[in-house]
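Here's a quick briefing to read with the structure open beside you. Take it one topic at a time and find each residue as you go.

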Amino acid sequence: MDKVQNEFVNVINPTKKVNDLRKQVEFADTFQNRINLGDALYEMGDYRGGIGEYEIALKGNYASDLGVVKKLLEGYYRTNEYQKVIFCAEYVSERSDFKGSRSQFLYGLALEEEGRSEEAEKNLKPIDQRYSNYEERYILAKFLLEKGKDTDAKEILSEIILESQHMSKPNRNRYRGVINEVKKMIKSI
């Protein structure tokens with residue numbers, strides 16, 4: 001009952017959760033407490049604050065923690081620090097779970113922002129996996145259209161529409177906005 005009540009309070013007042021976690025870090029400055037605080041800051045949309053906590057957590061024995069590096073990469077992307085996104089991505093790019101991940105996708109978007117289109121495309125395409133990554137695939141199709149690859153973009157959009165016909169009701173509701181944008185885009189090609 002206490003846990004449910006605490007979660008309810010955190011939803012109503014997200015800063016309470018952050019303040020509680022700050023106190024926890026002051027009491028015991030551990031890797032996990034820093035990560036928890038960084039996660040809470042991200043949940044509130046404070047990416048700069050979260051990045052600061054993750055950077056502190058990565059000092060010392062945890063410098064190569066893949067999960068934290070991926071969180072940093074996400075934060076850097078959201079704060080438009082594309083050079084840092086590229087640095088983090090290149091640091092973890094040899095790991096097996098990097099291929100086809102959101103981190104690789106953000107790496108591709110950062111490369112595009114830095115004017116490295118060919119490398120960007122190479123890193124964006126692995127996100128095109130059937131029955132998943134609908135929003136990312138929509139962004140990939142937009143990217144391909146901008147590059148004049150209309151046939152490739154249309155193929156991705158058509159696949160998304162076909163897959164949407166077989167979605168469960170919760171997924172249909174969850175991805176409704178993306179599917180509607182896909183339908184609009186395919187009509188305009």
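Helix 9 gives the largest share of the lining of the largest pocket, with 4 residues. This is a predicted model, where local features need pLDDT of at least 70, side-chain atom pairs count only at pLDDT 80 or more, and totals for chains, interfaces and linings use all residues. Residues are numbered from 1 along each chain as its sequence is written, and side-chain values use heavy atoms, with hydrogens and water left out.

**The largest pocket**

- A pocket here is an open set of points on a 1 Å grid over the protein atoms alone, where a 1.4 Å probe fits, with protein on both sides within 12 Å along at least five of seven lines; lining residues have an atom within 4 Å of a point.
- The largest pocket has a volume of about 150 Å³, where volume is the space filled by probe spheres set on the points, and points are joined across faces, edges and corners.
- Look for Tyr77, Leu109, Glu112, Glu113, Ile139, Lys142, Phe143 and Glu146, which line the largest pocket.
- Helix 7 (102-113) and helix 9 (134-146) each bring at least two residues to that lining.
- Sorted by class, the lining has 4 nonpolar, no polar and 4 charged residues; nonpolar covers Ala, Val, Leu, Ile, Met, Phe, Trp, Tyr, Cys and Pro, charged covers Asp, Glu, Lys and Arg, and polar covers the others, Gly among them.

**The whole chain**

- The chain has 12 helices and 0 strands; these are DSSP runs numbered from the N terminus, with helices being H or I of at least four residues and strands being E of at least two.
- Along its principal axes, the C-alpha trace spans about 60 × 40 × 25 Å.
- Of the chain's 189 residues, 40% count as buried, and buried means under 20% relative accessible area, exposed over 50%, and partly exposed in between (1.4 Å probe, protein chains only).

- How far apart are the end C-alpha atoms of helix 10? They are 21 Å apart, which agrees with the 21 Å that its 15 residues (150-164) should span at 1.5 Å a residue; the expected span is 1.5 Å times one less than the number of residues.
- The buried residues of helix 10 include Ala153, Ile156, Leu157 and Ile160.
- Those buried residues pack against helix 9, helix 11 (169-174) and helix 12 (176-188).
- Arg137 sits in helix 9 and counts as buried because its relative accessible area is 0%.
- Leaving aside neighbours within four places in sequence, Arg137 is in contact (heavy atoms within 4.5 Å) with residues including Tyr131, Ile156, Glu159, Ile160 and Glu163.

**Aromatic rings**

- Rings of Phe, Tyr and Trp (its six-membered ring) pair if their centres lie within 6.5 Å; planes under 30 degrees apart count as stacked, over 60 as edge-to-face and the rest as tilted.
- That rule gives a count of 5 aromatic pairs.
- One of the pairs is Phe98 with Tyr107, which is tilted, at 6.2 Å centre to centre and 55° between the planes.
- Phe98 and Tyr107 are both buried.
- Tyr42, Tyr47 and Tyr54 are linked into a cluster by ring pairs.

**Positive phi in the loops**

- Asn80, in the loop between helix 5 (66-78) and helix 6 (82-92), has a positive phi near 60° and isn't a glycine.
- Tyr131 isn't a glycine either, yet its phi is positive, at about 60°.
- Find Tyr131 in the loop between helix 8 (117-124) and helix 9.
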